[in-house]
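Subject: Handover of a structure and notes on it

Dear colleague,

Please find the structure below, which I am passing to you for your own work. My notes on it come directly after.

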Amino acid sequence: MKKNNHFHLRVVVFILCLLLSFNGAAVLAHSGVGEQPLSKIAIHKAVLALRDSASIKASPLVLGLNGENTAWVVVEFENAEPSNDDWIGVFSPAKFNGSICYVEGQPKDQSPHICTAPVKYQFANYSSSDYAKTGKASLKFQLINQRADFSFALFGGGLSNPKLVAVSNSISFVNPKAPLYPRLAQGKSWNEMTVTWTSGYNIDEAVPFVEWGWKGHHKRRSPAGTLTFHRNSLCGSPARTVGWRDPGFIHTSFLKDLWPNMVYTYTIGHLLSNGSCVRGKTYSFRSSPYPGQDSLQRVIIFGDMGKAERDGSNEYSNYQPGSLNTTDQIINDLKNIDIVFHIGDITYANGYISQWDQFTAQVEPIASTVPYMIASGNHERDWPGTGSFYGGTDSGGECGVPAETMFYVPAENRAKFWYSTDYGMFRFCIADSEHDWREGSEQYKFIEHCLASVDRKKQPWLIFSAHRVLGYSSDKYYGLEGSFEEPMGRESLQRLWQKYKVDIAFYGHVHNYERSCPIYQNQCVNSEKSNYSGTVNGTIHVVVGGGGAHLSEYSPVNTRWSLYKDYDWGFVKMTAFNRSSLLFEYKKSRDGKVYDSFTISRDYRDVLACVHDGCEARSLAY
């Protein structure tokens, strides 16, 4: 009998170990720790090996002569001792010696020669396969205006043992401080639009403003607030060490009392102390419809896009290969889009602060034209001991600071990244999966209030979203855990989704596409697959984390609630034609074509209808 008990005990321990290992595997699988390409460079190990037999030069010397904020630069170099491990680093500011090194923790015996990572890099043989023989080559880099000058450095020794061989001349944009990369966001009321941008001007040097008004009419001028953050605002390395770069100044103006569905033009600018003005480009946007307004309304949703480089530089090679395709497809269809939601894992900067500028430049054509609403993901927020729900290191020490500063969201507290926003017939409840969402938490109360407070007669389309999969996903690692969700994900929330009849719940984090049936408590509650009419009975859960990052594998288990899967990059477009008709489309980023779709057709009485665990209390009296 004792032997039998001992055997059972060993089995239980074995199973517990498996569960713990699976849970750890899931965390690592979704964390992406160590995948930031700039982290591959051991820049703190760099040694000086300057020699006269190597040279590098960049041209042109001055960029943006015609007002451009992006420019191509030619870098030519020679090396008498070439190797296929040689690489070119792009540094900004141009002076990158170790005199300003910040040491995290215990100081080292000897300060490093270089203590800041490049903003991008490329191998020397990228455009010339015979470089290792000839020792001569040239590269083209695309630069954006980032408030400082640039220089280029030739390194030997590969990425792990870099040896600085030669440094180029410096180059610069005409006005490095220029106001750039505006990004729109919904304000805290339906008739308010916020404009956020980046510049090199602090308020003691220039006053930020936005000139705006109806297209073709007189313009008014609104002030802007100014924020920034410093190295000591961040939580760990590399954000506080080799990844640190001055973020400049981030300005936000609130354009209030907008008329619904009107086209406004706006110009960002700064009033200098000498009375002159520095202005950016002129942009336009269409204001939000009145909540409940019956008009055509089109929404884009995706997660985990990150950024990529159009010059082919190695910085994000094979890490976010779908990012540019997603960006370009949305740009191509921009005239048919009203608002965009990027639900977490925004840049994958992972502590390399220069990448936030790169990302805002990449999405500028979108974010300057329609509201670009973001959610918080693990790569924005997570860092041990900082109050995040998860104790991982995925933010690279950022602990949410750049995301909260670079983008506006209409949250009561931007450090707690949950918020609601209305767009015409839509109500969006955006959760923050990096803070506790379980019953009894502060966020749970917000979620219930957001869902409960909407007037479904006016705003019938109720959307929930979070970065991590708090609902359903056939992800490989979720499958190993057996729950097919983020641990503890839906246990508290599914009652709210059902009670308040949420139409669709969207998630990122898992880098693929998947759509569930209308579901409640693991059971499909509607047999229809593509044309829903009347009372739907449950919430449709959609994973749309294929915005650009490396793809996630599915579990081999054939989950019965999964209606469509796609192992590819893509995004979702929802079109509300009126209060009774919604079209859902999943599009691949590679071609912009529709690969999955469904419609919902219903009346207000169908929203009011009693469903399981979603019935209003009633009296037996008549």
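Predicted model: local features only at pLDDT ≥ 70, side-chain atom pairs only at ≥ 80, totals over all residues.

Disulfides

The count of disulfides comes to four. In general terms, such a link is a covalent bond between the sulfur atoms of two cysteines. Three of them are described here in turn.

Cys235 is joined to Cys399, with an S to S distance of 2.1 Å. The torsion about this S-S bond is about 80 degrees, so the disulfide is right-handed. Cys235 sits in the loop between β14 (220-227) and β15 (249-255), while Cys399 sits in the loop between α6 (378-381) and α7 (401-406), so the pair ties together parts that are 164 residues apart in sequence. With a relative accessible area of 30%, Cys235 is partly exposed. Cys399, in turn, is buried because its relative accessibility is 8%, and buried means under 20%.

A second disulfide links Cys517 and Cys524, again with the sulfur atoms 2.1 Å apart. Its S-S torsion is about -85 degrees, so this disulfide is left-handed. Cys517 is buried at a relative accessible area of 2%, whereas Cys524 counts as partly exposed at 37%.

A further disulfide connects Cys610 to Cys615, and here the S to S distance is 1.6 Å. The torsion about the bond is about 75 degrees, so the disulfide is right-handed. How accessible is Cys610, buried or exposed? Cys610 counts as exposed because its relative accessibility is 55%, and the cut-off for exposed is over 50%. Cys615 counts as partly exposed, with a relative accessibility of 42%.

The sheet formed by β2, β4 and β7

Three strands make up an open sheet, ordered β2-β4-β7, with antiparallel pairing. β2 (54-59) and β7 (136-144) are the edge strands, and each has a single partner strand, so one side of each is left without a neighbour in the sheet. From one strand to the next, the twist averages 20 degrees.

How many bridges join β4 to β7? Strand β4 (residues 70-79) and β7 run antiparallel and are joined by nine bridges. As one point of reference in this pairing, Glu76 has Ser138 of β7 as its bridge partner.

The largest pocket

The largest pocket holds about 410 Å³ of space. Its lining consists of 22 residues, and those nearest the centre are Ser92, Pro93, Trp244, Arg245 and Asp246. By residue class, the lining of this pocket comprises 10 nonpolar, seven polar and five charged residues.

Single residues

His449 belongs to helix α8 (residues 442-452). At 55% relative accessibility, His449 counts as exposed. The C-alpha atoms of His449 and Cys429 are 9.5 Å apart in space, and the two residues are 20 apart in sequence. Finally, Cys277 counts as partly exposed, at 29% relative accessibility.

With kind regards

Notes:
Residues numbered from 1 in each chain as written. Heavy atoms only, no water. 1 Å grid on protein atoms, 1.4 Å probe; cavity = no way out; pocket = protein on both sides within 12 Å on 5 of 7 lines; lining within 4 Å. Points joined across faces, edges and corners; volume = space filled by probe spheres on them. Nonpolar A, V, L, I, M, F, W, Y, C, P; charged D, E, K, R; others polar. Pairing = 2+ DSSP bridges. Helix = DSSP H or I, 4+ residues; strand = E, 2+ residues; numbered from the N terminus. Axes fitted to C-alpha atoms, helices over the stretch in contact; angles between N-to-C directions. Disulfide = S-S within 2.5 Å. Buried < 20%, exposed > 50% of the residue type's maximum accessible area, 1.4 Å probe, protein only.
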